[in-house]
Amino acid sequence: MRIRRILEELGPTFIKLGQVMSTRPDLFPEDVILELEKLQSHVPHFPYSQVKDIIEEELDQDLLQVFDVFEEVPLAAASIGQVHRAVLQSGEEVAVKVQRPEISKKIDIDFDILMEMAQLAEMRLDWAKRYQLKEIVEELKETLKMELDYTIEAHHMSRIKAQFRRDPDIYIPDAYHYYTTKRVLVMDYVSGEKLKDVIARDTNDAVKKRLAEQIVDATFKQVLIDGFFHADPHPGNIMRLEDGRLVLLDFGMVGQLSPEMKQSFSELVIAMTKEDTNQMVEVLLDMGMAPDDINKKALTNDVDRLMMKYYRQSLKEIRLADAIRELFQIAYKHRIELSSDFTLLGKTLLTLEGTIEQLDPTLSLVEMAKPFGEKLLRDRFRPERMKDGIVNQWLDWYGLWRDLPDQLKQLRSIVKKGKVRLDISMPDIDLILKKLDRVSNQLSFAIILLAFSIIMVGLIVGAALTGETTILWRLPVIEIGSFVAVGMFLWLIYAIFKSGRF
């Protein structure tokens, strides 16, 4: 609760940041995620005069040239922008979302500060370096910057509307792209009842059960069939029309799964229902980038312990979102880098399950997801799909063989010019060189002292045998020699210790 209050006090940027952080159940504990999801969406609205200035600046027209009616009091205000009801000059009733003044600059400044803090943390704290705090901050910034571009949200709306164009249970508002800019979004105005209000009042259980099934069907259709999904299906973003259709709102946060990612997720759900630990581990490794030194046995043991938690439970008793979240946390523990879209999917399922529990606690996401996953697996082995796969693979091989002669010519040319470079990596090379330096210094020391000693002894013995004296012996040679020897010894010791390689 303290984290949530701090973020609320820091202002709109950090409120939105907290909401984005709540999409990463692989990074943050469950209790923190639950608190971040409670971050207030409603903040004080900004004045109509600023709304008017922003619209006119973005559309390069007078506000009354575009809108016949524009209500000054907003329908709702959130951390990034606020929504007004209006009527276009052509007569269509619309909702106009307007971004807060200077919010983009404020977010840039806040993230500059956060990035500096992350860099300092990585320099001084092991856990910050291990969790790659800078990359997390950068990823959160990119996610939030995309939400600040309303043209992207308008494209999301149109794409999801196309998914449900033949679905009688779901309605997606139209976006007016001609009047939409980075800071202004114009869409159909929809009059209905917010799902949170439906949940709050005493409604027939059969109605709530039907609503729950509609929401789950719509979500799994997006995730497992189309691969592009609304990532924030909480009750405040869903409305119910009088004719029973559901309306999805707020498309700032969406996720996307490639065909391979959809396949992996469906295989994961089916492996969980079959309690097949080995298959779960293999799918998990396919879903992300695993380090070369991963301990597969330890990973299998962790997944095994997770499955023991759900062992012999009926599908109705299994919370899919919790199981997926815990599995992603195991992946993070073993340094398996999952795509952010996978972690966003985990958050989406967590939000979805929370919404469904308020409508129909007996509904099982696992039961409803299983047919979609099985359909996806069946589609994988359809003759048409297999034919396409074989053709694509053949084209890949054809391209490889087609380019092979040119690549061999380039290789021959490089070899002829003597430009082939061989890189040899020796992890302990510095340690070996250090030891060699130490040995060579010690040998040099011994050789120099030995040579000096031989010269001195030779001079003394020669003088004793001949009985003759020279000018050299009139000097205190032994004393001078001893002084020189001590000086050389001290200098050599100093030089070796200074190098740090004695």
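**Reading helices, strands and burial in a predicted model**

Tutor: The chain has 20 helices and 13 strands. The model is a predicted one. Of the 502 residues in the chain, 41% are buried.

Student: Why is glutamine 214 called buried?

Tutor: Buried means under 20% relative accessible area. Glutamine 214 has a relative accessibility of 6%, and therefore counts as buried. This residue is found in helix H11, residues 205-226. Leaving aside neighbours within four places in sequence, glutamine 214 is in contact with Asp169, Ile170, Gly244 and Leu246.

Student: What makes isoleucine 270 count as buried?

Tutor: The cut-off is again under 20%. Isoleucine 270 has 9% relative accessibility, so it counts as buried. Its place is in helix H12, residues 259-273. The C-alpha atoms of isoleucine 270 and glycine 373 are separated by 7.1 Å, while the two residues are 103 residues apart along the chain.

Student: What share of the contacts in the chain with a separation of 6 or more comes from residues 24 or more positions apart?

Tutor: Such residues account for 68% of those contacts.

Student: Why are H15 and H16 called roughly antiparallel?

Tutor: Helix H15 covers residues 320-333 and helix H16 residues 340-359, and they pack at an angle of about 150 degrees. Angles over 145 degrees count as roughly antiparallel. H15 and H16 are therefore roughly antiparallel to each other. Their axes are 8 Å apart, and H15 passes H16 in a left-handed crossing.

Student: Which residues of H15 and H16 meet?

Tutor: From H15, the residues are Leu320, Ala321, Asp322, Ile324, Arg325 and Phe328; from H16, they are Phe342, Thr343, Gly346, Leu349, Leu350 and Glu353. By class, this contact of H15 with H16 has 7 nonpolar, 2 polar and 3 charged residues.

Student: How do you know that H14 is roughly antiparallel to H15?

Tutor: Helix H14, residues 296-309, packs with H15 at an angle of about 165 degrees, the axes being 10 Å apart. With the cut-off at over 145 degrees, that angle makes H14 roughly antiparallel to H15. H14 passes H15 in a right-handed crossing. Leu299, Asp302, Val303, Leu306 and Lys309 of H14 make the contact with Ala323, Glu326, Leu327, Ile330 and Lys333 of H15. By class, the contact of H14 with H15 has 6 nonpolar, no polar and 4 charged residues.

Student: How many bridges join E1 to E3?

Tutor: Strand E1, residues 67-70, is joined to E3 by 3 bridges, and the two run antiparallel. Phenylalanine 67 stands opposite leucine 88 in E3.

Terms used. Residues numbered from 1 in each chain as written. Predicted model: local features only at pLDDT ≥ 70, side-chain atom pairs only at ≥ 80, totals over all residues. Heavy atoms only, no water. Axes fitted to C-alpha atoms, helices over the stretch in contact; angles between N-to-C directions. Helix = DSSP H or I, 4+ residues; strand = E, 2+ residues; numbered from the N terminus. Parallel < 35°, antiparallel > 145°, perpendicular 65-115°, else oblique. Left-handed = near helix turned anticlockwise from the far one by under 90°. Contact = heavy atoms within 4.5 Å. Nonpolar A, V, L, I, M, F, W, Y, C, P; charged D, E, K, R; others polar. Pairing = 2+ DSSP bridges. Buried < 20%, exposed > 50% of the residue type's maximum accessible area, 1.4 Å probe, protein only.
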